[in-house]
Amino acid sequence: MILPISKNALLLALVALICVAILGLVNQLAQPKIAEQQLKNKLATLNDVLPQNTASESLLADCILVTNEDLLGRPTPQAIYRLRDDGQISAFVVETTAPDGYSGNIDLMVAVTPEGSILGSRVLNHQETPGLGDKIERRRSAWIESFQDKQVSPDNKSAWAVKKDGGQFDQFTGATITPRAVVNAVYNAGLLVLQQPELASRPANCGAMQ
Ligand SMILES: Cc1cc2nc3c(=O)[nH]c(=O)nc-3n(C[C@H](O)[C@H](O)[C@H](O)COP(=O)(O)O)c2cc1C
């Protein structure tokens, strides 16, 4: 004979099972919408860093994975998109990380010409302090646009610094660590493109990462 308390427990377990199944189903149904939204967000950011709305789904497909902890800030692969004009690469869009933010990693997207000129940059993720380090976000200030048209070269590292360190970029009042980290990461993204011309000829391999 089943005791009344066991009956209630069975009923509860059944309700819990049904709830889990419904949640799983809703999650599955939402996946394509989430993927579509992520794609739209990525295209919007690519268009933010590139001139004149040049980003399209073909740019997303022309993507290589590159691991270079020294210049891209992470021990894991980062995506680099290749913008082409008549087959010739006119820009690389580098996903990179400043590993030395005040509160850890700052993820960035940096568009750079094959000659090392910065076309644009945006912060993708960070945990910097609101009101201090978060001025690196475009919606908080225009500071992130100060890299536009700046040239990276192996000889001009000293100019790629905040003014407090003798360079050309503003720091923020009471917050030097965050902009210092971002300036360094943008420079390193440009340097990678200059140092590795073979990035242009590698077969696209981002596949499932996108
Ligand atoms: C609670 C707290 C949060 C802070 N957040 C940041 C931050 O997000 N980014 C930053 O650059 N500095 C931040 N600072 C200030 C740094 O500690 C440091 O004083 C400042 O960046 C100046 O660095 P410098 O001495 O290298 O010029 C914060 C300080 C405190 C007390």
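1. Helix 4, in this predicted model, covers residues 177-195. At 1.5 Å a residue, its 19 residues should span 27 Å, and the end C-alpha atoms are 27 Å apart, so expectation and model agree. The helix is mostly covered, with 14 of its 19 residues buried.

2. In soluble globular proteins, nonpolar side chains tend to be buried together.

3. Which residues does V186 touch, not counting those up to four places away in sequence? The partners are L108, V110, I118, S121 and F147.

4. The ligand is surrounded by Y102, E128, T129, L132, G133, K164, G174, A175, T176, I177 and T178. By class, this shell comprises four nonpolar, five polar and two charged residues. I177 and T178 of the shell fall within the range of helix 4, residues 177-195.

5. The protein chain contains four helices and five strands. Along the sequence, these elements follow the pattern α-α-β-α-β-β-β-β-α.

6. As to overall dimensions, a compact globule of 210 residues would have a radius of gyration near 17 Å, whereas the protein chain has 22 Å. Along the principal axes, the C-alpha atoms fill a box of roughly 85 × 45 × 30 Å. Of the 210 residues, 29% count as buried.

7. Contacts in the protein chain with a separation of 6 or more were also examined by sequence distance; residues 24 or more positions apart account for 52% of them.

8. R140 lies in the loop between strand 5 and helix 4. Is this residue buried, exposed or partly exposed? R140 is partly exposed, because 14 other C-beta atoms lie within 10 Å, and a buried residue would need 20 or more, an exposed one 12 or fewer. Leaving aside neighbours within four places in sequence, R140 is in contact with D134 and K135. The C-alpha atoms of R140 and P130, ten residues apart along the chain, are separated by 9.7 Å.

Key. Residues are numbered from 1 along each chain as its sequence is written. This is a predicted model: local features need pLDDT of at least 70, side-chain atom pairs count only at pLDDT 80 or more; totals for chains, interfaces and linings use all residues. Helices (H or I, at least four residues) and strands (E, at least two) are DSSP runs, numbered from the N terminus. The expected span of a helix is 1.5 Å times one less than its number of residues. A residue is near a molecule or strand if its C-beta atom, placed from the backbone, lies within 6 Å of it. Ala, Val, Leu, Ile, Met, Phe, Trp, Tyr, Cys and Pro count as nonpolar, Asp, Glu, Lys and Arg as charged, and the others, Gly among them, as polar. Two residues are in contact if their C-beta atoms, placed from the backbone, lie within 7 Å. The radius of gyration is taken over C-alpha atoms; the globule rule is 2.2 Å times the number of residues to the power 0.38.
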